[in-house]
Amino acid sequence: MADEQMAGAGSAPVPPGGAPGTPAPPARPLDPVDRSIMRLLQTDGRASIRSVAEQVHVSRANAYARINRLIDDGVIRGFTARVNHERAGQGASAYITLKIVQNSWRTVREQLRELPGAAHIALVSGDFDVLLLVHTPDNRTLRELVLTRLQSIPEVLSTRTLLVFEETDLLDPGPGSGPGPTISEE
């Protein structure tokens with residue numbers, strides 16, 4: 001991994017444990033420096049090794065080794081960009097709750113992955129079974145997605161759509177806050 005930038009590195013990491021189907025090794029405990037590195041990289045996945053090392057008060061070699069260990073252990077699954085969906089032409093967002101046929105999670109999950117604009121899928125407990133976050137260009141497209149695509153999946157018993165009016169990215173330091181938070185040693 002180059003010292004200057006980590007963007008793109010680890011974008012398709014090998015599953016923990018090596019080859020697919022290999023059991024993952026037991027998780028190693030994370031110390032305060034590891035947690036600080038994770039928070040820093042969540043805020044800025046393009047931070048250089050030098051910058052990370054300086055902010056968590058370790059050598060560059062130590063920071064490099066820790067980041068690689070976090071990737072190898074599957075703690076860090078990759079690096080990505082946080083997108084402003086409205087500015088990217090996806091102005092309508094919604095959380096959709098689904099009740100599904102018992103024991104159909106794997107089948108439903110695969111069909112939901114294929115939906116245009118699907119951003120997050122979770123199997124949950126409570127009054128519904130699945131929580132789906134979608135981003136679409138407009139409400140008409142969202143309506144079509146729910147009424148035509150989702151409700152045509154045989155295992156989906158019912159849906160409820162919750163429109164997102166405004167959202168706040170908790171990892172985004174926001175305007176006027178400088179380059180990002182300073183990481184402490186804890």
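**Helix contacts, a salt bridge and a pocket**

Guide: In this predicted model, I49, R50, V52 and A53 of helix α2 meet R60, A63, Y64 and I67 of helix α3.

Visitor: What makes this a contact between α2 and α3?

Guide: Contact requires heavy atoms within 4.5 Å, and the named residues of α2 and α3 meet on that basis. By class, the residues of this contact are six nonpolar, two charged and no polar.

Visitor: Why are α2 and α3 called roughly perpendicular?

Guide: The axes of α2 (residues 49–56) and α3 (residues 60–72) cross at roughly 105 degrees and come within 8 Å. Angles of 65 to 115 degrees count as roughly perpendicular, so α2 and α3 get that name.

Visitor: What makes α1 roughly perpendicular to α3?

Guide: Here the axes cross at roughly 80 degrees and come within 11 Å. That angle falls in the range from 65 to 115 degrees, so α1 is again called roughly perpendicular to α3.

Visitor: Which residues make the contact of α1 with α3?

Guide: α1 supplies V33, D34, I37, M38 and L41, and α3 supplies R66, I67, R69 and L70. They divide into six nonpolar, three charged and no polar.

Visitor: Why is the pair D73 and R28 called a salt bridge?

Guide: The closest N and O atoms of D73 and R28 are 2.7 Å apart. The cut-off is 4 Å between a side-chain nitrogen of Lys or Arg and a carboxyl oxygen of Asp or Glu, so the pair qualifies.

Visitor: What does the pair tie together?

Guide: D73 lies in the loop between α3 and β1, and R28 in the segment before α1, so the pair ties together parts 45 residues apart in sequence. The whole structure has six salt bridges.

Visitor: How much space lies in the largest pocket?

Guide: The largest pocket holds about 1600 Å³. It is lined by 37 residues, with A81, R82, V83, D169 and L171 closest to its centre.

Visitor: Which elements give two or more residues to the lining of the largest pocket?

Guide: They are α1 (32–43), β1 (92–100), β2 (118–123) and β3 (130–136). α1 gives the most, with four residues. The lining as a whole divides into 14 nonpolar, 14 polar and nine charged residues.

Definitions and conventions:
Residues are numbered from 1 along each chain as its sequence is written. This is a predicted model: local features need pLDDT of at least 70, side-chain atom pairs count only at pLDDT 80 or more; totals for chains, interfaces and linings use all residues. Side-chain values use heavy atoms; hydrogens and water are left out. On a 1 Å grid over the protein atoms alone, a cavity is a set of points where a 1.4 Å probe fits but cannot get out, and a pocket is an open set with protein on both sides within 12 Å along at least five of seven lines; lining residues have an atom within 4 Å of a point. Grid points are joined across faces, edges and corners, and a volume is the space filled by probe spheres set on the points. Ala, Val, Leu, Ile, Met, Phe, Trp, Tyr, Cys and Pro count as nonpolar, Asp, Glu, Lys and Arg as charged, and the others, Gly among them, as polar. Axes are lines fitted to C-alpha atoms, for helices over the stretch in contact, and angles run from 0 to 180 degrees between N-to-C directions. Angles under 35 degrees count as roughly parallel, over 145 as roughly antiparallel, 65 to 115 as roughly perpendicular and the rest as oblique.
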